Amino acid sequence: MSSTILVADDDDGYRFPIVSELEDEGFTVLEATNEEEVARHARFAQIWVIDVRLPSGANEGIRAVARLADDGIRCEYSVIFISVL
C-alpha cells in the first residue's frame, strides 16, 4: 500500500506537475489550494508538501500546519515546505 501525499499549492502550474509525478510513481495524492483545504485533507495523508505562500499571502502554509498541530493533527512522516519567490 502506497502512502497518501497532500500537495498544497494555489498555483496550478506548480501543483499539477508535482501531483502528476507523484501519481506516476504510484502515490495517492490529495490536492489543496488554500488553508481550509489543507485542514480538510491533512489527516488523510502521511506526507504533506505545502507551499509556504498559499493565496492569502506570506506564511499561510506554515500557519496551516501550525493550526493543525494546535488541533493535535500531525504529519505521520514529514512536512515539506516549498516556495518560489
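The following legends describe close-up views of a predicted model.

Local features are described where pLDDT is at least 70 and side-chain atom pairs where it is 80 or more, whereas totals for chains, interfaces and linings use all residues. Residues are numbered from 1 along each chain as its sequence is written, and side-chain values use heavy atoms, with hydrogens and water left out.

**View 1. The largest nonpolar core contains 14 residues.** A nonpolar core is a set of buried Ala, Val, Leu, Ile, Met, Phe, Trp, Tyr and Cys residues joined through side-chain atoms within 4.5 Å. Buried means under 20% relative accessible area, exposed means over 50%, and partly exposed lies in between (1.4 Å probe, protein chains only). Leu6, Val38, Trp48, Ile50 and Leu68 have the most contacts inside this core. Two or more residues each come from β1 (4–8), β3 (47–51) and α3 (60–70); helices (H or I, at least four residues) and strands (E, at least two) are DSSP runs, numbered from the N terminus. The largest share, 3 residues, belongs to α3. A second, separate core has 7 residues, among them Ile5, Val19, Ile47 and Val49.

**View 2. Valine 65 lies in helix α3.** Its relative accessible area is 15%, so valine 65 is buried. Contact means heavy atoms within 4.5 Å. Beyond residues up to four places away in sequence, valine 65 touches Trp48, Ile50, Val79 and Phe81. Although valine 65 and tryptophan 48 are 17 residues apart in sequence, their C-alpha atoms are 9.3 Å apart in space.

**View 3. Helix α1 comprises residues 12–24.** The expected span of a helix is 1.5 Å times one less than its number of residues. For the 13 residues of α1 this gives 18 Å, which agrees with the 18 Å between its end C-alpha atoms. Arg15, Val19 and Leu22 are the buried residues of α1. They lie on the same side of α1 because they cover an arc of only 70° around the axis, where the arc is that of the directions from the helix axis to the C-beta atoms. An α-helix has 3.6 residues a turn, so residues three or four places apart point the same way. The buried residues of α1 pack against β1 and β2 (28–32), while Gly13 and Asp24 are exposed on the other side.

**View 4. Serine 3 is found in the segment before β1.** With a relative accessible area of 19%, serine 3 is buried. Apart from neighbours within four places in sequence, serine 3 is in contact with Phe27, Thr28, Gln46, Ile47 and Tyr77.
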